[in-house]
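Student: Could you take me through how to read helix packing and the nonpolar interior in a model such as this one?

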Amino acid sequence: MKTSSILDLSRPLTAEFERDPKGSKIAQILQEYARSKQCWKDFALFAPSVYTRNLIERNEWFELLLLCWDAGQSSPIHNHAGQNCWMAVLEGEIEEVQFDCPKTDARCELVQRGTKTYVPGKVGFINDDIALHLVRPKHGRRGVSLHLYSRPIETCQLYDEATGTIVMRTMAYHSIRGSVVAK
């Protein structure tokens with residue numbers, strides 16, 4: 001296990017959720033970290049074919065992940081399994097594309113709502129009441145973002161824009177606290 005102050009971030013995050021289960025100061029805590037720290041680089045793991053999900057901390061209150069995006073990679077359109085999600089940009093510019101999903105039976109006819117761009121030090125927030133979304137780096141460059149889910153997410157729904165189909169995906173990690181997960 002690598003020792004770095006990014007692991008220390010779990011203390012103020014846990015204290016905030018214990019104080020306020022809705023996490024009213026989570027964005028502020030993440031923003032302060034994103035603006036002033038570089039220790040996350042010890043935990044950054046990139047892969048040529050997919051963006052990586054690198055677990056920093058997981059407890060009863062939250063799951064904290066470092067997501068590493070190579071140029072051209074993006075998440076699928078997805079929900080957050082009823083959890084709140086904060087995203088702090090650490091490197092590059094990260095684009096979020098939001099979608100509405102008017103459901104018809106087991107299908108979803110996605111309607112793109114809009115896009116937002118986040119630069120290093122900025123924090124975004126989303127939950128299922130706001131929209132579905134996909135996330136990706138902008139301008140053909142790499143990006144790194146720190147994601148906090150208000151409770152760990154075991155599975156989420158993925159949405160296919162072309163067909164409207166919805167599938168459940170079990171979430172997985174590429175690394176845990178700096179150690180690569182064996183495949």
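Tutor: Helices α2 and α3 are roughly antiparallel to each other, a label given to angles over 145 degrees. Their axes come within 10 Å and cross at roughly 170 degrees, axes being lines fitted to C-alpha atoms over the stretch in contact, with angles running from 0 to 180 degrees between N-to-C directions. Note that this is a predicted model, in which local features need pLDDT of at least 70 and side-chain atom pairs pLDDT 80 or more, while totals for chains, interfaces and linings use all residues. Residues are numbered from 1 along each chain, and side-chain values use heavy atoms, without hydrogens and water.

Student: Which residues of α2 and α3 make the contact?

Tutor: Two packed helices are described by the angle and the distance between their axes. Here Pro12, Leu13, Glu16 and Phe17 of α2 meet Ile26, Ile29 and Leu30 of α3, where contact means heavy atoms within 4.5 Å.

Student: Which residues touch the most other members of the largest nonpolar core?

Tutor: In soluble globular proteins, nonpolar side chains tend to be buried together. The largest such core has 25 residues, and Ile6, Leu13, Leu30, Leu64, Leu66, Leu146 and Leu148 touch the most other members; a core is a set of buried (under 20% relative accessible area, 1.4 Å probe, protein chains only) Ala, Val, Leu, Ile, Met, Phe, Trp, Tyr and Cys residues joined through side-chain atoms within 4.5 Å. Helix α3 gives the most to this core, with five residues.

Student: Is Glu95 buried or exposed?

Tutor: Glu95, in strand β5, is buried, with a relative accessible area of 12%.

Terms used: Helices (H or I, at least four residues) and strands (E, at least two) are DSSP runs, numbered from the N terminus. Angles under 35 degrees count as roughly parallel, over 145 as roughly antiparallel, 65 to 115 as roughly perpendicular and the rest as oblique. Buried means under 20% relative accessible area, exposed over 50%, partly exposed in between (1.4 Å probe, protein chains only).
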